[in-house]
Amino acid sequence: MKQRPIRVIHLIDHLGLGGRQASLVRLLKRMDPEVVSSSVCTLRTGDHFRQELDDAGISVTCLAATPICLPLVPIHLAFRLRAERADLLHTHLEGSKIVGVCAARIAGRTRVICHEANIVDKLPRWLQAPFVRRADLLIGVSESAIRAAKASYGIPDQRLATIPNALDLDEIDAVASVSNAAELPIPDDARIVMFVGRLTIAKGLEYLLTAATAVVRHCPTAHFVIVGDGPLRDALEKRACDLGLSSHVCFIGRRQDVLGLLQKCDIYVQPSIWEGFPNAVLEAMAMGRPVVATDVGGVPELVRNGETGLLVPAADPELLANAINQLLDNEALARSMGAAGRLRVRESFSIEQMALRLECLYRQVMNTNEMR
């Protein structure tokens, strides 16, 4: 007799623009619905990815439209877990860990998986620890995330697993082939160094701007394109102006045509102070772009130094500038690293592999007798 699908409810803080959200949507679209039946609940509004999930036939429910409703969310979610006879609750991001574990305890029968995406969280680890320790499994996006979680939460190895972020290269290529990225406000002969992401302290963009002064002195045709928005945008734009970089650095805000923009760049740079497993680096490699990045978090598990890009220490603008200049000076090396990066994505970070891995972990948790 054919077994029924494993019923999984995914709980995430919101579906606004973000790396964890993008990774979740990719995985859900690839999961076999005859093996895993998936639905999504969010703690608050933020619907950047809502339409994509709707198109894939995956239901989405917002549990708390306002902060005043938040204390009732675990009870609301517990009733939902029982009503849908959910086998598993899979949480993503910090707030969802706490709410999800509480709800599963109230529901009484649902097993819990927590997904760890960052090395440094917004909520302190000591606050999360009592809840995360009750999870049946903790999944990290990188080995470094797993090591940090193990140190913070004291979870034994048998309840830890790694599933890195992944891409569907065929889908990436299809989108890129029809992408019509708007022209950038830079000269036609510009050598483009690009960053994509939230403009926050974690991304280390102040060090990139300092490095940019040395790069522009070395290569006057170099232009830095900063894609994204965030709380530091005004300060970073002022810093670029103070450094005399206004004509060589452009901030273009959030964009829907990131893949098309990546096609235009010569080098992708990720100057982060800390990272989990950055989707932007993965996408740049998928687009065949060489990467210069800091040796933090899960980045060295993705970028092979000297093969798919160059790694430098965090918060070191001099070494960051040297690495960028090395690739600007050697276009053949840059092309070779870009090609090697794309191959690495295809061989090691395909969405098909990760979806199958997640299905196996779901079965593993379902077959475990002990409940937390």
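Biologist: What makes two strands pair?

Modeller: Two strands pair if DSSP finds at least two bridges between them. Strands are DSSP runs of E, at least two residues long, and helices are runs of H or I, at least four; both are numbered from the N terminus. In this predicted model, Ile12 stands opposite His92 in β4. Here β1 (residues 6-12) and β4 (residues 88-92) run parallel, joined by 5 bridges.

Biologist: What is the strand order in the open sheet?

Modeller: The 7 strands are ordered β3-β2-β1-β4-β5-β6-β7, with parallel pairing. At the edges stand β3 (60-62) and β7 (160-162), each with a single partner strand, so one side of each has no neighbour in the sheet.

Biologist: How do I read an aromatic pair?

Modeller: A pair of aromatic rings is described by the distance of the centres and the angle of the planes. Rings of Phe, Tyr and Trp (its six-membered ring) pair if their centres lie within 6.5 Å; planes under 30 degrees apart are stacked, over 60 edge-to-face, the rest tilted. This structure holds 1 aromatic pair. Phe277 and Phe349 are tilted, with 5.5 Å centre to centre and 50° between the planes.

Biologist: Are Phe277 and Phe349 buried or exposed?

Modeller: Buried means under 20% relative accessible area, exposed over 50%, partly exposed in between (1.4 Å probe, protein chains only). Both Phe277 and Phe349 are buried.

Biologist: How many residues of α11 are buried?

Modeller: In α11, 8 of the 8 residues are buried, so the helix is largely enclosed by the rest of the structure.

Biologist: Which ground rules apply?

Modeller: Residues are numbered from 1 along each chain as its sequence is written, and side-chain values use heavy atoms, leaving out hydrogens and water. Local features need pLDDT of at least 70 and side-chain atom pairs count only at pLDDT 80 or more, while totals for chains, interfaces and linings use all residues.
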